[in-house]
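Here is a short report on a protein model and its ligand.

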Amino acid sequence: MKNKISVIGAGHVGATVAQYAAEMEIADVVMLDIIEGLPQGKSLDLLETGPVRGFGASVKGTNDYKDTAGSDIVVITGGLARKPGMSRDDLLAKNSEIVRSITESVAKESPDCIIIMVSNPLDVMTFLAQKISGFPPNRVFGMAGVLDSARLRAFVSLELGVSVEDTHALVMGGHGDSMVPLPRYCTVCGVPITELMEKEKIDAIVERTRKAGGEIVAHLKTGSAYYSPGASVVQMAEAVLKDKKRLLPCAAYLNGEYGLKDVYVGVPVMLGAGGVEKIIEVQLTKEEKEALHKSAEAVKKNVEKLKI
Ligand code: NAD
């Protein structure tokens with residue numbers, strides 16, 4: 001296959017990214033983990049589903065960064081996931097060490113790649129990877145908004161009994177409790193949900209979206225979500241590899257847009273071969289803008305703790 005995606009961390013999210021990417025044949029896939037045998041075993045298993053599921057992408061598992069050399073996209077999922085009672089911010093100290101060392105190896109072997117960050121706390125880890133790699137910010141961005149918006153869309157679909165395919169949503173801000181779901185930009189077949197549902201229902205759906213990751217952690221008890229995060233990453237990777245110019249919410253570096261500077265936070269962007277090719281500035285009300293700024297402040301506070 002022409003393109004190559006490397007997935008660092010062959011755990012729940014990493015293996016799911018590998019599965020969807022291989023099945024969609026958007027690239028050959030390399031899975032890397034520090035645990036010996038884990039990426040090799042999962043890769044072989046996935047490769048052997050090819051004859052049944054009908055895909056021919058190559059899938060290789062490794063513990064050696066040399067096998068990731070020349071990747072077009074590197075997805076970073078290495079690190080700890082949440083357990084019940086933990087916030088994403090609780091992962092900061094441990095995951096920053098892990099993401100730092102992963103990024104150094106990735107930048108060395110694939111100096112021209114695009115990095116899609118997944119590890120939490122997402123916006124902070126994306127900032128860290130950009131600084132450590134020294135890549136231009138358009139080539140380092142994070143996955144959160146696609147997932148948070150998908151969750152909002154799923155809840156709207158459940159509430160109204162309409163197909164998820166006819167729902168659209170926009171969730172901005174950091175990937176945490178301060179995320180900013182925007183009901184005005186959440187539509188069913190073009191009609192804002194503010195015209196389709198009572199305010200109380202919308203408030204409940206917004207609140208469920210904010211806590212959707214935690215809802216799954218509480219069920220699983222041993223880890224966090226992976227099907228929807230994996231699918232969200234692959235939608236972003238596909239937009240880049242096929243130069244689709246998709247408009248998707250991602251954790252992107254802001255340099256004055258939305259009145260914010262030197263921070264990664266979730267905003268709609270145009271994703272194409274150049275990575276984040278444009279930041280899309282949508283109209284926000286005073287309250288929405290305040291919520292976005294509050295969310296960015298929370299990200300900045302955590303970045304300060306890292307002493308990059
Ligand atoms: P997991 O525990 O199943 O997998 C993590 C993997 O990373 C493990 O296999 C581990 O061995 C590996 N790893 C640890 N240190 C490493 C290193 N130095 N180099 C390479 N691999 C290393 O966890 P998961 O469920 O796959 O979640 C992974 C990360 O993604 C977590 O930080 C989680 O919070 C985050 N996450 C983010 C989102 C999002 O929306 N951005 C969604 C889900 C999960």
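How far is an oxygen atom of the ligand from an N or O atom in the side chain of Asn 120? The distance is 2.9 Å.

## Basis of the model

This is a predicted model; local features need pLDDT of at least 70, side-chain atom pairs count only at pLDDT 80 or more, and totals for chains, interfaces and linings use all residues. Residues are numbered from 1 along each chain as its sequence is written, and side-chain values use heavy atoms, with hydrogens and water left out.

## Ligand contacts

A backbone N or O atom of Met 143 is 2.9 Å from a ligand nitrogen. At Gly 79, a polar backbone atom lies 3.3 Å from a ligand oxygen. The protein buries 88% of the 860 Å² that the ligand exposes when taken alone (Shrake-Rupley method, 1.4 Å probe).

## Shell and pocket

The shell around the ligand holds 28 residues (a heavy atom within 4 Å of the ligand). His 12, Val 13, Asp 33, Leu 80 and Met 143 come nearest. By type, the shell has 16 nonpolar residues, 11 polar and one charged. Here Gly counts as polar, and Asp, Glu, Lys and Arg as charged.

Helices α1 (12-23) and α4 (92-109) each supply at least two shell residues. Helix α4 gives the most, with three. Helices are DSSP runs of H or I with at least four residues; strands are E runs of at least two.

The ligand sits in the largest pocket. A pocket is an open set of points on a 1 Å grid over the protein atoms alone, where a 1.4 Å probe fits, with protein on both sides within 12 Å along at least five of seven lines. To sit there, a molecule needs more than half of its atoms within 2 Å of the grid points.

## Salt bridges

The model has 12 salt bridges (a side-chain nitrogen of Lys or Arg within 4 Å of a carboxyl oxygen of Asp or Glu). One of them pairs Glu 23 with Arg 53, with the closest N and O atoms 3.0 Å apart. This pair links distant parts of the chain: Glu 23 is in α1 and Arg 53 in α3 (residues 50-53), 30 residues apart.

## Backbone geometry

Most residues other than glycine have a negative phi, and most peptide bonds are trans. Asn 120 and Pro 121 are joined by a cis peptide bond, with omega about -5°. Pro 121 lies in the loop between β5 (114-117) and α5 (122-133).

Glu 25 is not a glycine, yet has a positive phi of about 55°. Glu 25 is in the loop between α1 and β2 (28-32).

Conventions:
Polar contact = N/O pair within 3.5 Å; in protein donor to acceptor, adjacent residues only side chain to side chain. 1 Å grid on protein atoms, 1.4 Å probe; cavity = no way out; pocket = protein on both sides within 12 Å on 5 of 7 lines; lining within 4 Å.
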